[in-house]
Amino acid sequence: MDARRIAIRAQLLHGERPTELADVVRHLTLLQLDPTAAIAPAADLVSWSRLGAAYAPALLVEALRNRQLVEIGATVRPIEDAVLFRADMTEMRDRVPEAAWEKRFHDWLKANDACRRDVLSRLEAGGPLLSRDIPDTCVLPWKSTGWTNDQNVIRLLGIMADLGEVAIAGRRGRHRLWDLADRVYPEAPVPDPREALRIRDERRLGALGIARAKSTKVPIEPYDVGAAGEAAVVEGIKGEWRVDPAYLGQPFEGRVALLSPFDRLIHDRKRAVELFDFEYGVEMYKPAAKRRWGYFALPILFHDRLVGKLDASADRKKGVLRVNAVHEDEAFDKEMASAVDAEVDALAEWLELTVERS
């Protein structure tokens, strides 16, 4: 129970709601970006789960515009954290490629160096620019089995962003605007990569509360925290755990929350099972007949337990939040059912929709 409550408090999902979006992102360290909007985009859902009715998507747009926050990769980060990622960018740019994927990127970039220099020149003269406004002068096409196949400019900008040469300066609608990294990121001394990693591990543990010291490597953001915090033992679960001591002995007041499938409380599926006995997976990529909980089911938090999944979708044309099912991992009593219904109503009100229950 202590481990669960630490994790929930660290994710700002306990009784006392925060009030400012920038403070939320600064504490969580990131909002993951994902275009799926069966209910609302991931970054907006995560923000609403913390701030409630005080949050509006326009707040995120404004925070990005005034550079309180910045888009790095598939995440939104506090602007002051950009320097922690520039350390890795600088190291990647300077080191000799070793891994096969690094060599592939290096060789492709070298073959298209003239295009790279043209991109830098155009951004310097007229940036920020949309990718579609940058001519494709690559001599060697990018080959992939994914959506970036032959998307040479998009792939080139992505690699140049990884190397710290360009950065996402904002958005025009859903499309990214690109500029020189030095115009986007604040001017600040870049730390040694090892020091930057140590700080990122500490920041991540502060957002997770309790996490494994080592875990499987995953994209976007690691699940583990290295040597950050203090060693911890989670009763009945093997492995080396680390805890942020700031959360030890803190009082806990729970509440109900509907979580994005990309919420960091449940993003590490193994940790969700170990700490909460909660099995979950995103099923949008599965055939409908094989889904257990729904296309974009939202995990349901009740106080210090994850108790079920909400299968719902937003039909904006008809103006309804359609509730297909509420899957109960444990039988809801009247208090739980009423509290979950109230949170569904709050979600619909925030979306400016009417609830339609099956």
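Q: Which residues have the most contacts inside the largest nonpolar core?
A: In this predicted model, they are Leu-45, Leu-60 and Leu-347, in a core of 44 residues; such a core is a set of buried Ala, Val, Leu, Ile, Met, Phe, Trp, Tyr and Cys residues joined through side-chain atoms within 4.5 Å, where buried means under 20% relative accessible area with a 1.4 Å probe, protein chains only.

Q: And where does the largest share come from?
A: Helix 12 gives seven residues, the largest share of this core; helices here are DSSP runs of H or I with at least four residues, strands are runs of E with at least two, and both are numbered from the N terminus.

Q: What is Leu-347 in contact with?
A: Leaving aside neighbours within four places in sequence, Leu-347 is in contact (heavy atoms within 4.5 Å) with Ile-39, Leu-45, Trp-48, Leu-258, Leu-298 and Leu-321.

Q: Switching to strands, in what order do the three of the open sheet come?
A: The order is 4-6-5 with antiparallel pairing, where two strands pair if DSSP finds at least two bridges between them. Strand 4 (129–130) and strand 5 (166–172) are the edge strands, each pairing on one side only.

Q: Which residue is the bridge partner of Leu-129 in strand 6?
A: That is Trp-178, and two bridges join strand 4 to strand 6 (residues 175–180).

Note on methods. Residues are numbered from 1 along each chain as its sequence is written. This is a predicted model: local features need pLDDT of at least 70, side-chain atom pairs count only at pLDDT 80 or more; totals for chains, interfaces and linings use all residues. Side-chain values use heavy atoms; hydrogens and water are left out. Buried means under 20% relative accessible area, exposed over 50%, partly exposed in between (1.4 Å probe, protein chains only).
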